[in-house]
Amino acid sequence: MEFTSLELAVSAVFGESKRAMSRQAVYGGDINRAYRLTLSDGSAVFMKCNAAANIDFFRKEVDGLNALWAARTIGVPEPLALGVDRRQGFSFLLMEYLDTAPKRKDYWETFGHELARLHRAATAELVSENRALPFGFRTDNYIGASRQINTPKTGWIDFYRDCRLYPQIRMAGQKLDSATRRKCESLLQRLDTLLSEPEFPSLLHGDLWSGNAVGGPDGKAWIYDPAAYVGHFEAELAMTELFGGFPATFYGAYHEANPIDPGYRERRDLYNLYHMLNHLNLFGGSYLSAVRGILNRYA
């Protein structure tokens with residue numbers, strides 16, 4: 001249910017007597033403003049805000065959070081309410097506020113095991129009623145501020161070509177010189193010689209790097225800000241390594257629960273080309289050299 005004011009959302013979720021008494025700005029990423037709301041009973045709620053026209057960001061985020069939560073394998077904050085406050089002129093998403101506790105001694109091992117179990121969770125109903133189309137998601141969503149295409153496909157390589165690389169290459173347009181565009185075309189044509197089909201489709205967070213995971217109230221890792229879809233778990237592992245990576249204990253534990261093919265190391269940067277292209281499109285030319293470097297290796 002969507003609400004037409006923050007006040008209505010708070011009273012509907014927490015009780016008619018509850019009010020938002022104060023808000024404190026907290027870190028919420030590059031796309032949204034984020035706040036810790038303190039309610040009249042002293043409890044806290046996490047709120048994300050954006051322009052009123054961008055309510056669809058929050059609709060798709062809720063859809064992804066619900067999909068991850070339904071797998072019941074790893075901590076995910078509960079989405080509570082969303083809407084557009086017409087009087088104040090912003091869209092909002094209210095979520096469970098995570099009070100952090102000291103990390104467990106086995107934090108990284110548990111994180112690896114739980115993410116592996118997420119990737120092995122049943123996923124067919126998240127994509128399409130047609131089980132012959134196992135890759136994609138039930139709706140398009142967003143990777144950062146970019147629309148992420150999730151049209152169901154029968155094969156992972158076709159999905160990665162048509163719904164991941166091609167839309168970002170097309171979006172980059174004149175940011176790419178003619179030589180770089182030719183390498184993009186060559187890569188798309190020979191993608192099936194570089195990637196492999198997975199043994200099973202996996203539910204993915206979709207944007208999993210260190211900034212989208214936090215130690216939660218139970219001392220274990222909780223994940224948030226998803227760009228969820230069903231794909232190859234190697235794409236998720238590659239993203240975790242893109243901005244510094246996680247400790248070796250995480251990957252060792254993951255491998256125990258869901259074995260990683262030795263060839264993954266050769267494919268890792270090709271999966272991260274998607275994210276480098278997206279960063280090029282969102283943040284500009286400082287990411288062009290990274291895009292070229294990956295293309296030079298594979299194309």
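Reader: Why is helix H2 described as largely enclosed by the rest of the structure?

Author: In this predicted model, 12 of the 17 residues of H2 are buried, so the helix is largely enclosed by the rest of the structure. A residue counts as buried when its relative accessible area is under 20%.

Reader: How do you know that the length of H2 agrees with its number of residues?

Author: At 1.5 Å a residue, the 17 residues of H2 (residues 55-71) should span 24 Å; the end C-alpha atoms are 25 Å apart, which agrees. Just after H2, Arg72 adopts a positive phi of about 50°.

Reader: Which residues touch the most other members of the largest nonpolar core?

Author: Of its 73 residues, these are Phe111, Trp156, Leu165, Ile223 and Leu273. A second, separate core of 14 residues includes Tyr35, Met47, Cys49 and Ala81.

Reader: Why is H5 called roughly antiparallel to H6?

Author: H5 (residues 156-172) and H6 (residues 178-189) pack at an angle of about 175°, with their axes 11 Å apart. Angles over 145 degrees count as roughly antiparallel, and H5 is therefore roughly antiparallel to H6. Arg161, Leu165, Tyr166 and Ile169 of H5 make the contact with Cys184, Leu187 and Leu188 of H6. These residues divide into six nonpolar, no polar and one charged.

Reader: What makes H7 roughly perpendicular to H9?

Author: The axes of H7 and H9 (residues 264-283) come within 8 Å and cross at roughly 75°. The range for roughly perpendicular is 65 to 115 degrees, so H7 is roughly perpendicular to H9. In this contact, Glu234, Ala235, Leu237, Ala238 and Met239 of H7 meet Tyr264, Arg267, Arg268, Tyr271, Asn272 and His275 of H9. The residues involved divide into six nonpolar, two polar and three charged.

Notes: Residues numbered from 1 in each chain as written. Predicted model: local features only at pLDDT ≥ 70, side-chain atom pairs only at ≥ 80, totals over all residues. Heavy atoms only, no water. Axes fitted to C-alpha atoms, helices over the stretch in contact; angles between N-to-C directions. Helix = DSSP H or I, 4+ residues; strand = E, 2+ residues; numbered from the N terminus. Parallel < 35°, antiparallel > 145°, perpendicular 65-115°, else oblique. Contact = heavy atoms within 4.5 Å. Nonpolar A, V, L, I, M, F, W, Y, C, P; charged D, E, K, R; others polar. Expected span 1.5 Å × (residues − 1). Buried < 20%, exposed > 50% of the residue type's maximum accessible area, 1.4 Å probe, protein only. Core = buried A, V, L, I, M, F, W, Y, C linked by side-chain atoms within 4.5 Å.
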